[in-house]
Amino acid sequence: MTTTAQTHAIQGERITLPVRIRDAAVGSAMFAVPAGAAQDVIAYSGLAVAEPLPGRAVCSLAFVRYAEGDLGPYHEFAVAFLVRPPGAAPSPGVLGRMRGIGAFIHWLPVNQEFTLEAGRTIWGFPKEIAGIPMDLSGRVKRCAVRIGGRTAIEVAIRPGVPMPAGSAAPSVDAYSCLDGVTRRTPWTLTPSGVRTRPGGATVVLGDHPVADELRALGLDRARALTTSTVGHLQMVFQGAEEVRT
């Protein structure tokens with residue numbers, strides 16, 4: 001493994017790792033999708049999808065409003081898949097198959113140029129510029145992604161029930177693959193104001209090529225396993241390490 005530099009110059013500003021996000025709000029949904037189709041989507045990374053149940057992988061859709069942090073304010077949308085650690089064989093049983101899993105970030109549009117350059121340069125995150133209108137003010141949280149005048153996706157998250165503080169996982173390995181290089185980034189989360197529920201997501205896919213990819217996974221007709229909203233989220237991103245797959 002090769003660790004990236006700890007200090008980066010981004011558009012004339014110096015960013016020192018770890019990068020800290022002091023206030024963000026999130027809406028997310030997780031879906032069970034065919035493992036074979038999901039594996040085809042992320043094959044370029046060399047990683048293997050996790051299968052909580054044989055033949056089923058997990059795809060996550062998440063939208064984030066970053067209000068305060070080292071990369072400034074911006075909106076972001078993420079398509080991610082749960083993956084096994086590089087080189088790890090699946091273990092027997094549901095818990096065994098989920099041991100040590102990480103999140104592979106497949107698609108990550110943002111609406112600001114600074115975070116675009118920082119994300120691609122520091123961690124190899126596949127960020128691209130998009131219009132990401134977002135409404136987190138009502139009971140139903142809404143987000144859309146539009147690129148070049150074409151809609152990729154619209155997501156609405158209905159409210160869930162409050163969860164006890166500290167109920168969410170504090171850390172996860174985020175994987176990315178850019179320009180043929182796969183990387184792992186340790187990522188720590190401190191959420192509060194978490195609400196969750198089974199189901200609760202409405203997904204509308206548009207006419208952008210990404211929409212066709214998500215449609216092939218069945219996301220235009222799948223019921224969410226769970227949906228969550230986070231009213232206040234702090235995050236810490238460490239440096240990325242190149243990994244061999």
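At 46% relative accessibility, Q11 is classed as partly exposed, a term that covers values between buried (under 20% relative accessible area) and exposed (over 50%), computed with a 1.4 Å probe on protein chains only. The structure is a predicted model, in which local features require pLDDT of at least 70 and side-chain atom pairs are counted only at pLDDT 80 or more, whereas totals for chains, interfaces and linings use all residues. Residues are numbered from 1 along each chain as its sequence is written, and side-chain values use heavy atoms, with hydrogens and water left out.

Q11 lies in the loop between β2 (7-10) and β3; helices (H or I, at least four residues) and strands (E, at least two) are DSSP runs numbered from the N terminus. Although Q11 is a residue other than glycine, its phi is positive, near 50°. A positive phi, about 55°, is also found at D179, which is not a glycine. D179 is placed in the loop between β13 and β14 and counts as exposed, at 72% relative accessibility. A further backbone feature is the cis peptide bond between L17 and P18, with omega about 0°. P18 belongs to the loop between β3 (13-16) and β4.

Helix α3 spans residues 113-123, and its buried residues are F114, T115, L116, A118, G119, I122 and W123. In general, an α-helix has 3.6 residues a turn, so residues three or four places apart point the same way. After α3 comes G124, with a positive phi near 70°. W123 also takes part in an aromatic cluster with F125, W187 and F237. The structure holds seven aromatic pairs, a pair being two rings of Phe, Tyr or Trp (its six-membered ring) with centres within 6.5 Å; planes under 30 degrees apart count as stacked, over 60 as edge-to-face and the rest as tilted.

The largest nonpolar core contains 42 residues, of which F31, L61, F77, W107 and I153 touch the most other members. Such a core is a set of buried Ala, Val, Leu, Ile, Met, Phe, Trp, Tyr and Cys residues joined through side-chain atoms within 4.5 Å. With residues up to four places away in sequence not counted, W107 touches F77, A78, V79, P126, E128, V145, I147, A152, I153 and V210, where contact means heavy atoms within 4.5 Å. A second, separate core has 31 residues, including I10, I21, I105 and L189.

Strand β10 (residues 141-147) contains A144, which is buried at 6% relative accessibility. Apart from neighbours within four places in sequence, A144 is in contact with G131, I132, P133, I153 and E154. The C-alpha atoms of A144 and I132 are 5.5 Å apart, while the two residues are 12 residues apart in sequence. G206, in the loop between β15 (201-205) and α4 (209-216), touches T151, A152, A211 and R215 when residues up to four places away in sequence are not counted.

A search of the whole structure finds zero disulfides, each defined as a pair of cysteine sulfur atoms within 2.5 Å. A disulfide is a covalent bond between the sulfur atoms of two cysteines. For C59, the nearest cysteine sulfur is that of C143, 15 Å away. C59 is buried, with a relative accessible area of 0%, and C143 is likewise buried, at 4% relative accessibility.

The largest pocket has a volume of about 1,200 Å³. On a 1 Å grid over the protein atoms alone, a pocket is an open set of points with protein on both sides within 12 Å along at least five of seven lines, whereas a cavity is a set where a 1.4 Å probe fits but cannot get out; lining residues have an atom within 4 Å of a point. Grid points are joined across faces, edges and corners, and a volume is the space filled by probe spheres set on the points. Of the 45 lining residues, S28, M30, S60, W187 and L189 are the closest to the centre of the largest pocket. At least two lining residues are supplied by each of β4 (19-34), β5 (56-69), β6 (74-83), β7 (102-110), β13 (171-178), β14 and β16 (226-237). Strand β14 (residues 181-198) also holds P191, which is partly exposed, with a relative accessible area of 22%.
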